[in-house]
Amino acid sequence: MKPVYERFIENPDFTKPDFVELIKCAEDPEAVRRLKEEAVRIREIYYGKKVFTRGLIEYTNYCKNDCYYCGIRKSNTNAKRYRLTEDEIMACCENGYELGFRTFVLQGGEDAYYTDDRMVAIIKKIKEAYPECALTLSIGEKSYESYKRFREAGADRYLLRHETANEEHYRKLHPEKMSLAVRKNCLYDLKKLGYQVGAGMMVGSPYQTTEDLAEDLVFLKELQPEMVGIGPFIPHHDTQFAKRTGRKCGDDTVFARCDPNPAAEGTSSGNDSTWDDGSAWKRERAAGRSQCRDAEPFSGENRKQYELYDNKICTGEEAAECRGCMGRRVASVGYELVTERGDAV
Ligand code: 5AD
């Protein structure tokens, strides 16, 4: 019988036990080589040599939730809270546009200050000023009605990682108040409303088993999101998981191949300096991702405060410098940093 990764390459219609077997291949160098090769091949069919960037605007770190792993959880009294004003958000967009970003991502904690009315106003303002840009929201769980209003105001995409598809595992990472069923339902609502939807999970989060990861992949297959964000769990010093360590990063490769067609709107953890060989870029390329890292068109003190996990890269750098060096790195490996929206195809 052929090795599991060859079977997967031939027909990725896998069930949970197949995925368990596949994930275990992360230790096998030949499996990893084949899966990387295949990931690159498939990515190039859809996106050629293009690399898209996303202008991430982390506009508030106030959050009503208390996810045990997250640095901006409500009960972290050490977090220095901030929120950008509407004018500051618009200034981010202006700067970002100049730099060549054609997607803006409004990402924040679940902050009651930003009511639906306020969000709708900001969405409209951004879309009016930059009609050819895509606008992505990453602002957590809302009602169908709220999502509908944001969509009608002009939002194109929505990022909401499911975090884990397994009920028992979900309970170990989140307080009683939160619910996996609600989370999944939000994702289906977003799909119904015609957003390009991004789901995903952390790899190596506390108590996560290989079976849990396999369930995540089954869930992603069922949901069929346009984007998938998968990043390593990185302990944050002010959480109960401060002393935990993540999982080996070889797994990244397996996940990159599992979803052949995501316009992965990668968040910064996927290229964090805490990866063990310290060379995030090399791995990104090897893992066959279709996009490069986000860069925030906002250079200020606040960037440091939006700390979901420790050792975030590029926290103080100017977005302009960031994009410049990104462009050079991308070109050095035969790819092209483009000034485009980069929609899912
Ligand atoms: N390590 C890695 N990723 C984290 N996130 C939150 N906390 C951490 C952490 N400690 C991720 C979650 C969330 C996204 C915005 O950031 O997956 O959905």
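Here is a short walk through this predicted model, one selection at a time.

Start with the ligand. Around it, select Tyr69, Cys70, Arg161, Glu163, Met202, Pro232, Phe233, Ile234, Leu308 and Tyr309. That shell splits into eight nonpolar residues, two charged ones and no polar ones.

Now zoom in on the contacts. Pick arginine 161: a polar atom of its side chain sits 2.9 Å from a ligand oxygen. Isoleucine 234 brings a polar backbone atom to 2.7 Å from a nitrogen of the ligand, and at leucine 308 a backbone N or O atom is 3.5 Å from a ligand nitrogen. On its own the ligand would expose 400 Å², and the protein buries 89% of that.

Next, jump to helix H3, residues 29-47, and click isoleucine 45. Its relative accessibility is 57%, so it counts as exposed.

Select glutamate 44 and arginine 43 now: their side chains form a salt bridge, 3.7 Å from N to O. Glutamate 44 is partly exposed at 27%, while arginine 43 is buried at 6%.

Then try lysine 50 with glutamate 340, another salt bridge, at 3.1 Å between the closest N and O atoms. Lysine 50 is in strand E1 and glutamate 340 in the segment after strand E8, 290 residues apart.

Move on to helix H8, where lysine 192 and aspartate 189 lie three residues apart, about one turn. They also pair in a salt bridge, with lysine 192 exposed and aspartate 189 buried.

Last stop: Glu6, Glu30, Arg33, Arg34 and Glu37, linked in a salt-bridge network.

Conventions: Residues numbered from 1 in each chain as written. Predicted model: local features only at pLDDT ≥ 70, side-chain atom pairs only at ≥ 80, totals over all residues. Heavy atoms only, no water. Helix = DSSP H or I, 4+ residues; strand = E, 2+ residues; numbered from the N terminus. Buried < 20%, exposed > 50% of the residue type's maximum accessible area, 1.4 Å probe, protein only. Near = heavy atom within 4 Å. Polar contact = N/O pair within 3.5 Å; in protein donor to acceptor, adjacent residues only side chain to side chain. Areas by Shrake-Rupley, 256 points an atom, 1.4 Å probe, with all protein chains shown as cover. Nonpolar A, V, L, I, M, F, W, Y, C, P; charged D, E, K, R; others polar. Salt bridge = Lys/Arg side-chain N within 4 Å of Asp/Glu carboxyl O.
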